[in-house]
Amino acid sequence: MSNNKTYWKGIEELEQSPTFIAKRDNEFPAEIAMDEFLGDDKLKETSTARRDFLKFMGFSLAAATLAACESPVVKSIPYIQKPDDVDPGVANWYATTYYDGYDYASILVKTREGRPIFVKGNKKFGINKGASTARITASVLPLYDTARLAGPTLDGNPSDWPTVDAEISDKLSAISKKGGKVVLLSNTIISPSTITVIDKFKKKLSPEGAELNFEHVSYDAVSYSAIRQANKDCFDKTVIPDYDFSKAKVIVSISADFLTNWLLHTEYIGQYLQNRKPESEWMSRHFQYESIMSVTGANADVRVAVKPSEEGLVAAAIYQHITGSKIANVPQHILDLTVDAAKELKNAGSSSLVVAGANNVSVQTIVNAINEKLGNYNTTINLNNPVSLFQGNDKEVAELMDEMKSGKINALLMYGVNPVYTLPNGKEFAELLSKVELTVSFNAYADETASKCKYVCPDHHYLEAWNDFQIKDNHYALAQPAIR
């Protein structure tokens, strides 16, 4: 028996069809002599368009250019005095903390010869317990982004730090002496050290014997101010509570993508998965009401598609089922969609949790009423250990724009925000910047907002800087640079 095996690329090759044989024999056609090609009488009948001819010529030129290029020579120079903590080819790991105003996590950073190359969650420390997101993992890429500003700019042109520092200091000093108003517009700052620096900055600007008109406005591109306002109205506490999904036997989410995007999702991932294992003592039951498919909805036991305009009606229907109170204008089909979820919420009692993603005070107020009726406060919801994220106030941002319009703002410093891009009325904000005497952006890129500012003083990447964070009242974390 022969050990030689024969392989075919397809049925045509196996059967040796005439079409296959013809194509096989013409796979590498013989070259036609130039004289024979140019002497062909049919050549004048060619229908090749001039545009196609230019494409062929352009490709040929590009191919010839690439063929003529040589890759640059990279010379590796060994250490004369090797650092003790660096071994070529051996990676070092550093523990630090990631926060960009949106995502938060304790992370580990892998470095080679001083260069960070990989980011992952830290399982041994932090509230996220090793959980991470695609955004956090990809956060190492901007460190090597060539679009980052290498230094400060003045009117869009490269400058140097002594010049920029001196000019900004002189202008701030002049504004403070005449009693002008200085505003710092930033994302939510959860660093005690940074807040201390801002307080010192305010005191230094204050003229002796007078109080500087200084204001710090927090702005979040994704606003959660409705949750804070609803809790203020219901409990007289302007906070975002600490949710614990690990204690919830029944979870009802109304368009809150708490596994990917909603609030402190890096902590909720671990809490949620803790009781979603068949081998556990019990498994949580998850109902998701949303308009588009989310990661959270894809993992739900029951997912119900609703319109964005029906989110408030869903909350009202659940409240009606639980309390028995008749609520007007709730359609029957919404009541039918929520009857099973409400029944299981009532059975779970204080071991349940209802959350909503809408930035609407009315919806959040109804959700608060549901959770209070079920007895979820002090079990799955803790108002006494609030989350520090998303302190932005939409009302204060609107008031800031009104003051810019009236010319009351003399200096506007922007840190960690890009309102020209993220505000719904960003175009108007860009026009109002021209009315402010001094505009400074600390963004690392010449983005939509920074390009409209007179001064751009780029901040460091988080892997290049020290900082600290307090995500909750009972949790404090340090951020150290991974570049040494």
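1. A definition is needed at the outset: two rings of Phe, Tyr or Trp (its six-membered ring) are taken as a pair if their centres lie within 6.5 Å, and the pair is stacked if the planes are under 30 degrees apart, edge-to-face if they are over 60, and tilted otherwise. By this criterion the structure holds 15 aromatic pairs. The model is a predicted one.

2. Overall composition. The protein chain has 16 helices and 18 strands. Of its 484 residues, 41% are buried. Among contacts between residues at least 6 apart in sequence, 63% join residues at least 24 apart.

3. An edge-to-face pair. The ring centres of Tyr 98 and Tyr 462 are 4.9 Å apart and the ring planes stand at 80°, so this pair is edge-to-face. The two residues come from distant parts of the chain, 364 residues apart: Tyr 98 belongs to strand 1 (residues 92-99), while Tyr 462 is in the loop between strand 16 (455-456) and strand 17. Tyr 98 has a relative accessible area of 7% and is therefore buried. Tyr 462, at 17%, is buried as well.

4. A stacked pair. For Phe 245 and Phe 258 the ring centres are 4.4 Å apart and the planes are at 25°, so the pair is stacked. Phe 245 is in the loop between strand 8 and strand 9 (250-254), and Phe 258 is in the loop between strand 9 and helix 9, 13 residues apart. Both are buried: the relative accessible area is 1% for Phe 245 and 0% for Phe 258. These two residues also belong to one aromatic cluster together with Tyr 243, Trp 262, Tyr 268 and Tyr 272.

5. The cores. The largest nonpolar core has 35 residues, and those with the most contacts inside it are Tyr 104, Tyr 243, Phe 245, Phe 258, Trp 262 and Leu 263. Elements that give two or more residues to this core include strand 8 (240-243), helix 9 (265-274), strand 12 (352-356) and strand 13 (381-387). A second, separate core has 27 residues, among them Val 306, Ala 316, Ala 342 and Ile 370. Leaving aside residues up to four places away in sequence, Phe 258 touches Phe 245, Tyr 268, Tyr 272 and Val 355, among others.

6. The side chain of Asp 242 makes a polar contact of 2.9 Å with the side chain of Lys 472. Beyond four places in sequence, the residues that Asp 242 touches include Glu 267, Thr 380, Asn 385 and Val 387.

7. Helix 13 (residues 361-374). The 14 residues of this helix should span 20 Å at 1.5 Å a residue, and the end C-alpha atoms are 20 Å apart, which agrees. Its buried residues are Val 363, Gln 364, Val 367, Asn 368, Ile 370, Asn 371 and Leu 374. Why do they share a side of helix 13? They cover an arc of only 160° around the axis, which puts them on the same side. In general, an α-helix has 3.6 residues a turn, so residues three or four places apart point the same way. The exposed residues Ser 362 and Lys 373 are on the face turned away from the buried side of helix 13.

8. Ends and surroundings of helix 13. Asn 360 caps the N-terminal end, with a side-chain oxygen 2.9 Å from the backbone nitrogen of Ser 362. After the helix comes Gly 375, whose phi is positive, near 80°. The cover over the buried residues of helix 13 includes helix 8 (225-235), helix 11 (311-323), helix 12 (332-348), strand 12 and strand 13.

9. Helix 11. With 13 residues, helix 11 reaches 19 Å from first C-alpha to last, close to the 18 Å expected. Its buried residues include Val 314, Ala 316, Ile 318 and Ile 322. Strand 9, strand 10 (285-290), helix 12 and helix 13 are among the elements that cover the buried residues of helix 11.

10. Helix 16 (residues 426-433). Here Gly 426, Phe 429, Ala 430, Leu 432 and Leu 433 are buried. They lie on the same side of helix 16, because they cover an arc of only 165° around the axis. Their cover includes strand 6 (181-186), helix 14 (394-406) and strand 15 (438-441).

Methods: Residues are numbered from 1 along each chain as its sequence is written. This is a predicted model: local features need pLDDT of at least 70, side-chain atom pairs count only at pLDDT 80 or more; totals for chains, interfaces and linings use all residues. Side-chain values use heavy atoms; hydrogens and water are left out. A nonpolar core is a set of buried Ala, Val, Leu, Ile, Met, Phe, Trp, Tyr and Cys residues joined through side-chain atoms within 4.5 Å. Buried means under 20% relative accessible area, exposed over 50%, partly exposed in between (1.4 Å probe, protein chains only). Helices (H or I, at least four residues) and strands (E, at least two) are DSSP runs, numbered from the N terminus. Contact means heavy atoms within 4.5 Å. The arc is that of the directions from the helix axis to the C-beta atoms. The expected span of a helix is 1.5 Å times one less than its number of residues. A polar contact is a pair of N or O atoms within 3.5 Å; within protein, one must be able to donate a hydrogen and the other to accept it, and residues adjacent in sequence count only if both atoms are side-chain atoms.
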